[in-house]
Amino acid sequence: MKAVIAAAGLAATLVTANAAASEPVSGSKLVDLVSGKRVYLAVPLGGEFPLHYKPGGLVTGDGTRVGLGRFFAPKETGRWWVDGKRLCQKWPTWYKGQTSCFTIVPTGPGRISWTRDDGTTGKARIEG
């Protein structure tokens, strides 16, 4: 009986932890999550696209390693900021200079999933 109670308690703890982990990060926690870090976006055909979110609001992207230079400028520096529950960024030429915002959900240590305001989703890892 004690084993059943212990197992039920562990299951309840895991469900609570997973529910909390599936909630979007917002505000200062979102700033802390990315500021000064490198976020490596998973690329559909393999590889990663690195973004460096520098303190103070600059973000640098470099797609040269994933061969994106043939489609657009492979490197660019834009601005990033947090708007409530969303991480926003604006590039000079990428995405036609339009602002894009993302909802970020932690999925494990150093791992996130993201949903862009247009519904596009993906996964990434964070270092730094």
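Student: Which strand is Lys 37 found in?
Tutor: Lys 37 sits in strand E1, residues 37-42. Strands (E, at least two residues) are DSSP runs, numbered from the N terminus. Keep in mind that this is a predicted model, where local features need pLDDT of at least 70, side-chain atom pairs count only at pLDDT 80 or more, and totals for chains, interfaces and linings use all residues. Residues are numbered from 1 along each chain as its sequence is written, and side-chain values use heavy atoms, leaving out hydrogens and water.

Student: How do you know that Lys 37 has no salt bridge?
Tutor: A salt bridge needs a side-chain nitrogen of Lys or Arg within 4 Å of a carboxyl oxygen of Asp or Glu. For Lys 37, the nearest side chain of opposite charge is Asp 32, 7.1 Å away, so there is no salt bridge, yet Lys 37 is buried. Buried means under 20% relative accessible area (1.4 Å probe, protein chains only).

Student: Why is the link of Cys 88 and Cys 101 called a disulfide?
Tutor: The cut-off is a pair of cysteine sulfur atoms within 2.5 Å. Here S to S is 2.0 Å, so the pair counts as a disulfide. Both cysteines, Cys 88 and Cys 101, are buried.

Student: What does the pair tie together?
Tutor: Cys 88 lies in strand E5 and Cys 101 in strand E6, so parts 13 residues apart in sequence are tied together.

Student: What makes E5 and E6 a pair?
Tutor: DSSP must find at least two bridges between two strands. E5 and E6 have four, in the antiparallel sense, so they pair.

How values were computed
Buried means under 20% relative accessible area, exposed over 50%, partly exposed in between (1.4 Å probe, protein chains only). Lys and Arg count as positive and Asp and Glu as negative; His and the chain ends are not counted.
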